[in-house]
Amino acid sequence: MKLKLQFLVAGLFLTSVNAFAAEIDRSYASRIIVACVKSVEQVGRKIPNYKVVCQCIGETHYNSAVGEGIKSEAEDHIRWTTEFYETTNMKKLQRMVDRNPKWSSFDDQVVDDCMMSSNQGSKK
Amino acid sequence: MTKRMGNQWATLISYLLVFALVYLYAPVVSAQASTVKTNHSDVNLWSGAGRPSHQTVGRIKRFEEIQVLGTKRLKSGEVWYRVQLRRFPGWRKQEQTGWVDAKFFTSIENPVVDDQPSESVTEAQAACVNCATGGKSTAPIPKQQTDDIAAVGKAIRNKVGFAWPVGGYVRSGFGYRRHPIKGVVKLHKGTDISGNAGAKVKAAKGGVVEISAGGCKTGRKSCNGGAGNMVTINHGDGTKTRYLHMAPGCRMPKRGTRVSQGDMLGCVGATGAVTGPHLHFEVIKNGKWINPLTVLPKRR
């Protein structure tokens with residue numbers, strides 16, 4: 001009985017600290033990249049190397065979510081970012097930014113970093 | 001007797017099993033030694049320190065955090081880190097050790113003793129919006145910001161009682177900005193000051209600590225609502241200052257403590273929703289966020 005209890009505890013512990021990193025769907029990164037490129041092309045914004053920038057934005061957000069310590073927060077991050085890039089309605093975008101300054105601020109930094117690095121060259 | 005021995009063996013095996021499971025499957029962030037990351041793309045991981053005599057065994061991705069296991073200084077003066085890389089392709093845990101050139105990496109946990117030397121900030125740089133795109137935006141900027149830009153030029157020449165909280169350059173200024181990709185407008189409520197991870201953050205002015213929120217470790221972006229380790233000081237004259245994203249492990253004053261200008265509040269870090277180590281510094285006057293550069297002295 002005591003042994004069964006110990007195995008039960010071990011099992012519960014395992015499920016709570018599982019390698020959730022693998023569970024963040026890779027397709028989120030692709031969706032962000034595609035939506036980012038589409039946004040730039042549809043509106044005609046003049047962003048040098050915009051495809052490289054969008055690739056960087058998608059990969060950075062995905063890697064950052066994978067590196068999060070808590071699964072629910074990682075999913076919240078990647079889902080908010082994906083929805084942000086896929087949304088085209090400006091009012092909805094403004095609401096998203098106003099209601100979630102945390103991910104919006106992080107995205108601003110990611111975009112700034114990606115744009116600066118793409119302008120300086122992709123490899124140093 | 002035999003039955004008791006059997007139970008003891010079973011207990012020992014179960015504890016070993018739990019230990020093995022934790023070791024194999026615990027997330028990377030649960031055990032951090034010295035951690036570094038790079039904002040360069042695809043930095044090579046080498047089989048030994050120093051490039052010419054060794055081969056590449058992998059690549060480190062941009063912003064990927066890796067653990068430093070050791071440091072080696074070569075005769076040429078170059079510093080190399082021995083690092084461990086952990087990735088999780090599918091359900092497998094993939095570990096790799098190798099060497100990387102330290103010059104491409106920024107430590108996000110190890111304290112640094114000295115501040116960065118200060119650099120002068122011109123009025124144009126201080127007032128720049130969307131600096132990454134050359135500061136050009138065709139969209140109209142809200143009036144508050146255009147008035148503010150004029151105020152910066154006047155106030156920046158006069159000392160009005162505030163001091164810079166940390167050395168380093170302004171990497172992102174205060175003000176409304178339009179998202180370069182999506183076009184949505186948002187107010188950046190403070191000034192981001194770039195600094196070495198671990199550099200001391202000092203009180204810009206004397207006052208009482210109103211909020212002191214710590215307990216954040218690097219990597220958890222939602223900690224304290226994205227602000228990371230933070231301190232708010234009430235200066236008693238209608239102004240407050242806020243210091244965000246400070247490093248874990250650095251001593252922070254408790255709520256209610258009276259601090260003087262220049263007192264240490266923490267260290268530059270990368271806690272909360274940030275991509276790299278910097279200090280996010282805010283000034284609030286009578287309940288409204290104002291441009292910190294209107295109260296900070298001109299840097300020499």
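Me: Taking a residue as buried if 20 or more other C-beta atoms lie within 10 Å of its own, exposed if 12 or fewer and partly exposed in between, with C-beta atoms placed from the backbone, what percentage of the residues in chain B is buried?

Reply: Of the 300 residues in chain B, 39% are buried. This is a predicted model: local features need pLDDT of at least 70 and side-chain atom pairs count only at pLDDT 80 or more, while totals for chains, interfaces and linings use all residues. Residues are numbered from 1 along each chain as its sequence is written, and chains are lettered from A and ligands numbered from 1 in the order in which they are written.

Me: How many helices and strands in chain B?

Reply: Three helices and 19 strands. Both are DSSP runs numbered from the N terminus, helices being H or I of at least four residues and strands E of at least two.

Me: And among contacts between residues at least 6 apart, what share joins residues at least 24 apart?

Reply: In chain B, 67% of them. A contact has the two C-beta atoms, placed from the backbone, within 7 Å.

Me: Where does L279(B) lie?

Reply: L279(B) is in strand β18, residues 278-285 of chain B. L279(B) counts as buried because 26 C-beta neighbours fall inside 10 Å. Its C-alpha is 6.5 Å from that of S194(B), 85 residues away in sequence.

Me: What is L279(B) in contact with?

Reply: Beyond four places in sequence, the contacts of L279(B) include P165(B), V166(B), I193(B), Y243(B) and V268(B). V268(B), in turn, is in contact with V166(B), V201(B), M246(B) and P277(B), among others.

Me: Which residues touch the most other members of the largest nonpolar core?

Reply: A nonpolar core is a set of buried Ala, Val, Leu, Ile, Met, Phe, Trp, Tyr and Cys residues joined through C-beta atoms within 7 Å. The largest has 53 residues, and C36(A), I57(A), V201(B), Y243(B), M246(B) and V268(B) touch the most other members. Helix α3(A) gives the most to this core, seven residues. Another core lies apart from it, with 12 residues, including W80(B) and F105(B).

Me: Switching to chain A. At what angle do α2(A) and α3(A) pack?

Reply: α2(A) and α3(A), residues 50-66, pack at about 150° with axes 8 Å apart. α2(A) and α3(A) are therefore roughly antiparallel. Angles over 145 degrees get that label, those under 35 are roughly parallel, 65 to 115 roughly perpendicular, and the rest oblique. Axes are lines fitted to C-alpha atoms, for helices over the stretch in contact, with angles from 0 to 180 degrees between N-to-C directions.

Me: Which residues of α2(A) meet α3(A)?

Reply: Among them are Y28(A), I32(A), C36(A) and V40(A), facing residues of α3(A) that include C54(A), I57(A) and Y62(A). Nonpolar covers Ala, Val, Leu, Ile, Met, Phe, Trp, Tyr, Cys and Pro; charged covers Asp, Glu, Lys and Arg; the others, Gly among them, are polar.

Me: How far apart are the axes of α2(A) and α4(A)?

Reply: Helix α2 (residues 27-43) and helix α4 (residues 71-86) of chain A have axes 8 Å apart and an angle of about 25°. That makes α2(A) roughly parallel to α4(A). Their contact divides into six nonpolar, three polar and two charged residues.

Me: Back in chain B, is A204(B) buried or exposed?

Reply: A204(B) is buried, because 25 other C-beta atoms are within 10 Å. A204(B) is in the loop between β12 (200-202) and β13 (207-213).
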